Amino acid sequence: QVHLVESGGGLVQPGGSLRLSCVASGNTLPILGSYWYRQAPGKERELVAGMSGAGRTSYADSVKGRFAISRDSGKRTVYLQMNSLKAEDTAVYSCKMTLDHEVYYEDYWGQGTQVTVSS
């Protein structure tokens with residue numbers, strides 16, 4: 001059974017940094033893509049960053065130059081390094097992984113971790 005667990009959220013002052021982690025456990029299926037989403041109160045969920053199986057990355061314009069997605073394939077973990085945090089980055093951050101079941105692909109989600117940027 002596939003299970004994603006995020007960690008690393010918390011309260012940070014504007015200008016500070018946090019690193020989120022997302023570990024995929026309970027399986028050894030190839031990871032086709034890894035993504036971080038966020039949802040702020042009253043707003044729609046938005047894609048923040050993504051990484052393909054080949055390692056290519058993409059970012060929302062609002063976080064380019066401040067956030068970086070990376071992974072450790074051996075640990076089946078994807079990270080989101082967040083620097084120069086702003087109040088508008090406050091949201092619940094969730095990771096998603098697309099796993100290859102050979103005959104089909106399936107998305108799996110973590111439970112989310114709260115990031116609050118406030119002085």
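With which side chain does the side chain of D89 make a polar contact at 2.7 Å? The partner is the side chain of R66, a polar contact being a pair of N or O atoms within 3.5 Å, where within protein one must be able to donate a hydrogen and the other to accept it, and residues adjacent in sequence count only if both atoms are side-chain atoms. The model is a predicted one, in which local features need pLDDT of at least 70 and side-chain atom pairs count only at pLDDT 80 or more, while totals for chains, interfaces and linings use all residues. Residues are numbered from 1 along each chain as its sequence is written, and side-chain values use heavy atoms, with hydrogens and water left out.

R38 also reaches D89, through a side-chain to side-chain polar contact of 2.9 Å. D89 itself sits in the loop between β8 (77–82) and β9, strands being DSSP runs of E, at least two residues, numbered from the N terminus. With a relative accessible area of 0%, D89 is buried (under 20% relative accessible area, 1.4 Å probe, protein chains only). Beyond its neighbours within four places in sequence, D89 touches R38, R66, F67, S84, V115 and V117, contact meaning heavy atoms within 4.5 Å.

On to the cysteines. The model holds 1 disulfide, defined as a pair of cysteine sulfur atoms within 2.5 Å. C22 and C95 form this bond, with an S to S distance of 1.9 Å. Because C22 belongs to strand β3 (residues 18–25) and C95 to strand β9 (residues 91–100), the bond ties together parts 73 residues apart in sequence. The S-S torsion is about 45°, so the disulfide is right-handed. C22 is buried at 0% relative accessibility, and C95 is buried at 0% too.

Definitions and conventions:
Helices (H or I, at least four residues) and strands (E, at least two) are DSSP runs, numbered from the N terminus. Buried means under 20% relative accessible area, exposed over 50%, partly exposed in between (1.4 Å probe, protein chains only).
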